[in-house]
Amino acid sequence: MKDSEHEVPPSSEQSPRSGNLDKEEIRRRLPLEWVASGPAAIELERTSESQAKGLCPFHDDHNPSLNVYEYGQRWKCFPCGKGGDLFDFVGEIWELDGFSHKLAKAEELLRAFEAKGRADGCRWQGLVDRDGPSTPVDIEVLTQEVGRAVAHSLRETTEPLRDLLEEKGLVDIDLRWLQNHWRLGVTPSGDVLASHWNSEGTLVSYKTRTPGKGGWFAKKGAPLRCLYGEWQLPNLPDHFDVVLCEGETDTWLASWLLRGRGIALGLPAGANSRIRDEWVEVLAGRNVVLCFDNDLPGRSAAREWHRRLDGVARSVRVTFPETDLVESHEPMKILEGGFVVPPHQPFIEIAGNRSGYMEMGKNGPIAAVSNFIFAPVRFIELVDAQGHRRSWAIEVLFEGDPTPHILAEDDLSGPKSINRWATSRQRTWYGSSQRPVDALASLLLNEAPFLPRVTGVPVAGLWGEGTPHPAYVLPDGTVLGDSKARARWVYDPAWGHANIENRFQFPRRKASSTGSHTIQEANEKLRDAAGLHIGGPVSVDELRQAVALLLAMNEPMVTTTVAGWLTAALQRKGLRSFPILLVSGLPGSGKSETLLKFMQLLHGFTESAPTLESTMHAIRQFQGSSNAFAMWWDEYRQGTRGYEFIDQVIRDTWDGTTSHRGGMGEKVSDIHGVPQIAPLVISGEAVSQANSVYQRSVQVRMRRETKNQQAFEDLSALDLPLGAIGESLMRWLLQAEIEGRLPPPPDVKDRKAHGRAVVEWGWDLFTRWMDEVLDLAPPHGLVLPEEEAETHEALGVEFTVLQEAILEAMQRPDCVYRSGGPFDGETVLWVDTHTDAAYVRLAVFHDLAKRQYGSELAGKNSRSTGQNLRDGFPGADKISAREPVTHPDGLVRAGKQRKVLMLPTAVSWAHETAAQEAPELPPGTPMSPEP
């Protein structure tokens, strides 16, 4: 910085060391505003009683953006981000490194300041304006200026006021009400004018603001000595709430929402307003709600206001919006909510050597109750899967340990609970009585209202949909979203919920600064100031290849349906009901490989062989641990493994119904509800045929001949990290949600039609992402599976193992099983010539197929073989034990050990198949099957 006429000559001392004054003494005696306006030669203009502005010397500033605050001796420039205390300012201006140099320079400045005789009365009040000391404004002149502005807004134009309300998102407030209630005006130059009147109804000052061009500016010479809106207090009933806000727009919104139930007041200079004794007096005996911005100045102001009003006001509640009240999603809930800070219980204190907490008695310390102390960092409001508050927790840091830990309300229920919590973190709680535990809880709750506030969610997935800051909470605790979303959400799985962090994984590496085109660059047009798109380890070219190969792994009916369903699943929380994806196919059709590739890249799935081997309780817990990331149950066969209950899980998962279970451990009497909300994929050789399941599902049948093995191999060769596509897709969904570009989810009453509509909606989202992020058009459109009656096209669509076994049995002259085993001589299959139907004795047929084809046979017993035959042959039906069956030897009956399945079109199919496979023979040559 260039020297000026105000510059203090450098000291003759060679050492940077200061004299006998410490930093606090210098900070107390040396006004920051004098340093900025004098030696630093920055022209400051007062904007309020406790704030001034000037051109920032640290960047090319044309609109005054350097803020200097009296309260706390702080300064801040929001455009360039620089700020701090007196010593930070001295270091930046004079380009000093090391605190000792800053301290020496500050002491030098202090000597110069005091040498000029300005120590007395020259704190903030002594700040000079541009043309010298401020001259008080005549009240009559002030009143005339306000009157002209109000009249101008009523008679000429309200456009600037409308622009400001639109800029702040306050378009729902009645403009005429706002003008009349707050006596707002518009100056001839187009500024909005807000007048300040004290509790006696006397005009004190006014502030002006130009819409779209920064903050408020106070009238020079008219100090802001009253709370904004203070004139409302004399006529307010005692039981009404008084909400104290930071800024004018927050105050307008609160007053509009509270009309008839309370009033809103504003701090004249925001959170940095110095609390005046007369402000505390006018709030005496009132029900006060402190509603400041959820940032460091706002929380600090709330703490100080609570300290001053405690015992003076009738009651004091502390509440914080997500950021500020205007930007909050549900402002009325914020005004009605909040904390009443409980009285402190002085029964524990930190030991003098800071080794732990001490239990205190009337005569001093009694005994140590812990070998640790911690500092609270964040307050966590724990919610359930529906977003309703269930309890609270505090994030704490042990002294000397940077790792955060969560201490929940339940952990403070008694000595055993806190000891268990401490032991799990390699610490010890010695106390055996309830009193020190309650005292520790009291310490935390006294601090809680003034901590940064976050929401602890029990399930991974989408949160905050419909708000300005939605986020995806990933199973590993990472939060995808803008900076405000990342500061709001924390993953805290409910007690007893399945730990899914090892089932899903998303890339966390930073994007390379060299090499191919990155996601970050591709998303340049989508990125906003909050930095949603932070890039990733995968190039756009690789993503294009991966998407093309995913969609080529099988026929479009398979890949488009799966892609659409998995994309819609990421938005599952916004849908009233969600279909189950049922994928069937015999071995070799590629169902598990296809699903695994899709789920690995879109949902970050890590497991290669998820099965239904888990217990019933575990399955329900998994279904309650996510609202966006799909759970996958493989190896499903109806009627096997004893898991018929899976059909009930499917019905519950459809609409998020809550299942209940008994407690565990010390809480054996508790009943816990587990909402079945995770999107569910079930795959197997045969899937459930129950009508209630069929109506709630989208069913895909895979075939061998449509599997593209080369696409599998090429996709594996790309070696993409898990979740590579999903992370980019989720970031795009969040950005589109914020910008209001997402198409609305379907709301179709018919269950089957609803499932198909969800897939269509998901495919639409998937293709929009392809277009906007990858600049890639889908190779084909969505191809949904036809209705079940139409999917069973002619038999012989694929030559399955069971069909080959049927051909084998039908080609035997006597259709009798001969092996020397338990079924030796049993009839395998016979034909009713009257109906052209084939009858299969299941146990014998299963044994024949198993011996003939070994591991290729789908299913482990005759029951699964029968189900697979029913899937492959439309109209197949099990014969009742009392129903007569036509047999070559006469009428027989099916019995318990002789279950028979009728295949009504198997004979025709066999003849057609044999004709297709028969060699070209001379005409008239008879067909004679080989024995």
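Which backbone oxygen does the side chain of serine 328 reach? In this predicted model, the side chain of serine 328 reaches the backbone oxygen of leucine 325, at 2.6 Å.

Serine 328 lies in the loop that runs between strand 13 (315–319) and helix 11 (331–336). Serine 328 is buried, because its relative accessible area of 9% is under 20%. Leaving aside residues up to four places away in sequence, serine 328 touches Pro321, Glu322 and Ile334. Two separations involving serine 328 are set out below.

| Pair | Kind of separation | Value |
|---|---|---|
| Serine 328 and histidine 469, 141 residues apart in sequence | C-alpha to C-alpha | 9.6 Å |

The report now turns to helix packing. The axes of helix 16 (residues 540–552) and helix 23 (residues 724–738) come within 10 Å and cross at roughly 105 degrees, which means that helix 16 is roughly perpendicular to helix 23. Helix 16 contributes Leu543, Ala546, Val547 and Leu550 to the contact, and helix 23 contributes Ala724, Ile725 and Ser728. By class, six of these residues are nonpolar, one is polar and none is charged.

Isoleucine 725 also belongs to the largest nonpolar core, which holds 98 residues. Tyr472, Trp565, Leu581, Phe629, Ile725, Phe766 and Trp769 touch the most other members of that core. Helix 24 (residues 751–774) gives the most to this core, with ten residues. Beyond four places in sequence, isoleucine 725 touches Leu543, Ala546, Val547, Leu550, Leu601, Leu602 and Trp769. A second, separate core has 38 residues, including Leu142, Leu161, Leu184 and Val326.

Methods: Residues numbered from 1 in each chain as written. Predicted model: local features only at pLDDT ≥ 70, side-chain atom pairs only at ≥ 80, totals over all residues. Heavy atoms only, no water. Axes fitted to C-alpha atoms, helices over the stretch in contact; angles between N-to-C directions. Helix = DSSP H or I, 4+ residues; strand = E, 2+ residues; numbered from the N terminus. Parallel < 35°, antiparallel > 145°, perpendicular 65-115°, else oblique. Contact = heavy atoms within 4.5 Å. Nonpolar A, V, L, I, M, F, W, Y, C, P; charged D, E, K, R; others polar. Core = buried A, V, L, I, M, F, W, Y, C linked by side-chain atoms within 4.5 Å. Buried < 20%, exposed > 50% of the residue type's maximum accessible area, 1.4 Å probe, protein only. Polar contact = N/O pair within 3.5 Å; in protein donor to acceptor, adjacent residues only side chain to side chain.
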